[in-house]
Amino acid sequence: LIRSMRSLLVLLSLLIPISSANDGGWITDEKDIVDEEGPCNIARHDGETLTQEEFLERYAFTQPVIIYNIKNEQFSELTERSRMLSDWGDEKVVLNSANTYSYTRVPSTFGEYLRTQLKPQNLDTLGNETLYLFGDIDPTTWDPLLSSYSQPQWSLPHHEPALSFGIAGAGTGVPFHFHGPGFAEIVHGAKRWFLLPYEERPAFDPDRTTLEWYLKDYPLLPEEKKPLECLMKKGEVIYFPDKWWHATLNTRTSVFISTFLSPLTFGKEEL
């Protein structure tokens, strides 16, 4: 009887929908999870074996890479949903629009964002009408959280890091854009990345959502025009070189943090 019960429990665990998996309390209804099947043609490297020298030689200036075996257990625990609501629910935040230029700024509180704005992307809603939390948090106020994050151990010469923290619902993301180099880590959830080198500018509408582009435009692209892409999961970091076009698509409710690398000014270098 005990053996039969154990077998039944194992069977039930296999039948539990992917949305009910423990993901720090950031649950996504199964119907809202965006397609997580697809190619992964971005270079991948084990973080435990990637040296600084190899990073500079193979990736830093030439191609993106996904680095796995990233350990950030403390930060993962601090960013569980219940913990964040308890610690940061009343804290002020600024929400950004989910379009290429992210020019809209809407003040809110962290708790209010979770209650009213953290939801799956509506295909009929434009990117400039979609609000999510990414980047605009006061670094001094949020230092107890940000300082617990173990930043990527790899670096670019004469660059300094700046952290940007975010949480967004399934189907949200930012359309194609580019900026300086950086790292982006998935803490909870999953996110698809699409990348192209600067000289291969993709066709896109900056105010349409990545989800709309993915469902309507992406399937029509000839193979030679398709971007590099991959689904990133918890414990993985992507590095993108300077001025690489990239678009993101959160396939489920996701918590993420980016480490943007900016050139040091002359004065700081001298110090």
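Trainee: Which residue does the disulfide join to Cys40?
Mentor: A disulfide is a covalent bond between the sulfur atoms of two cysteines. Here the S to S distance is 2.0 Å, and the partner of Cys40 is Cys230.

Trainee: What is the torsion about the S-S bond of Cys40 and Cys230, and how many residues apart in sequence are the parts that the pair ties together?
Mentor: The disulfide is left-handed, because the torsion about the S-S bond of Cys40 and Cys230 is about -90 degrees. Helices (H or I, at least four residues) and strands (E, at least two) are DSSP runs, numbered from the N terminus. Cys40 belongs to the loop between α1 (2-15) and β1 (43-46), whereas Cys230 belongs to strand β9 (residues 228-233), so the separation in sequence of the parts joined is 190 residues.

Trainee: Is Cys230 buried or exposed?
Mentor: Buried means under 20% relative accessible area and exposed over 50%, with partly exposed in between (1.4 Å probe, protein chains only). Cys40, at 38% relative accessibility, counts as partly exposed. Cys230 has 2% relative accessibility and therefore counts as buried.

Trainee: What is the mean pLDDT of the chain?
Mentor: Of the residues in the chain, 90% reach a pLDDT of 70 or more. Over residues 1-21, however, the pLDDT is below 50, and this stretch has 10 contacts (heavy atoms within 4.5 Å) beyond near neighbours in sequence in the model. Where pLDDT is low, the predicted coordinates should not be read in detail. For the chain, the mean pLDDT is 90.

Trainee: How many aromatic pairs are there?
Mentor: Rings of Phe, Tyr and Trp (its six-membered ring) pair if their centres lie within 6.5 Å; planes under 30 degrees apart count as stacked, over 60 as edge-to-face and the rest as tilted. By this rule the number of aromatic pairs is 22.

Trainee: Which residue forms an aromatic pair with Phe110 at 5.9 Å centre to centre?
Mentor: The pair is edge-to-face, with 65 degrees between the planes. Phe110 lies in helix α5 (residues 110-116) and its partner in the loop between β5 (131-134) and α6 (143-146), so parts 32 residues apart in sequence are tied together. Both members of the pair are buried; the partner of Phe110 is Trp142.

Trainee: How many residues are in the largest nonpolar core?
Mentor: A nonpolar core is a set of buried Ala, Val, Leu, Ile, Met, Phe, Trp, Tyr and Cys residues joined through side-chain atoms within 4.5 Å. In the largest one, Met84, Phe110, Tyr113, Trp142, Phe165 and Ile167 touch the most other members. A second, separate core of 13 residues includes Leu50, Phe183, Val237 and Tyr239. The largest core has 39 residues.

Trainee: Where is Trp213 found?
Mentor: Trp213 is linked by ring pairs into a cluster with Phe176, Phe178, Phe194, Tyr198, Phe204, Tyr214, Tyr218 and Trp245. At 7% relative accessibility, Trp213 counts as buried. Leaving aside neighbours within four places in sequence, its contacts include Phe176, Phe194, Tyr218 and Pro227. Trp213 is found in helix α7 (residues 210-217).

Trainee: Over the face of which ring does Lys243 lie?
Mentor: A charge sits over a ring if NZ of Lys or CZ of Arg is within 6 Å of the ring centre and within 35 degrees of the ring normal. Lys226 lies over the face of Tyr218, at 5.0 Å from the ring centre. Lys243, which is partly exposed with a relative accessible area of 42%, lies 6.0 Å from the ring centre of Tyr198.

Trainee: What is the phi of Asn69?
Mentor: Asn69 is in the loop between β2 (65-68) and α3 (73-78) and is partly exposed, at 33% relative accessibility. Lys243, in the loop between β10 (236-240) and β11 (245-250), has a positive phi of about 65 degrees although it is not a glycine. Asn69 is likewise a residue other than glycine with a positive phi, near 65 degrees.

Terms used
Residues numbered from 1 in each chain as written. Predicted model: local features only at pLDDT ≥ 70, side-chain atom pairs only at ≥ 80, totals over all residues. Heavy atoms only, no water. Disulfide = S-S within 2.5 Å. pLDDT = per-residue confidence, 0-100.
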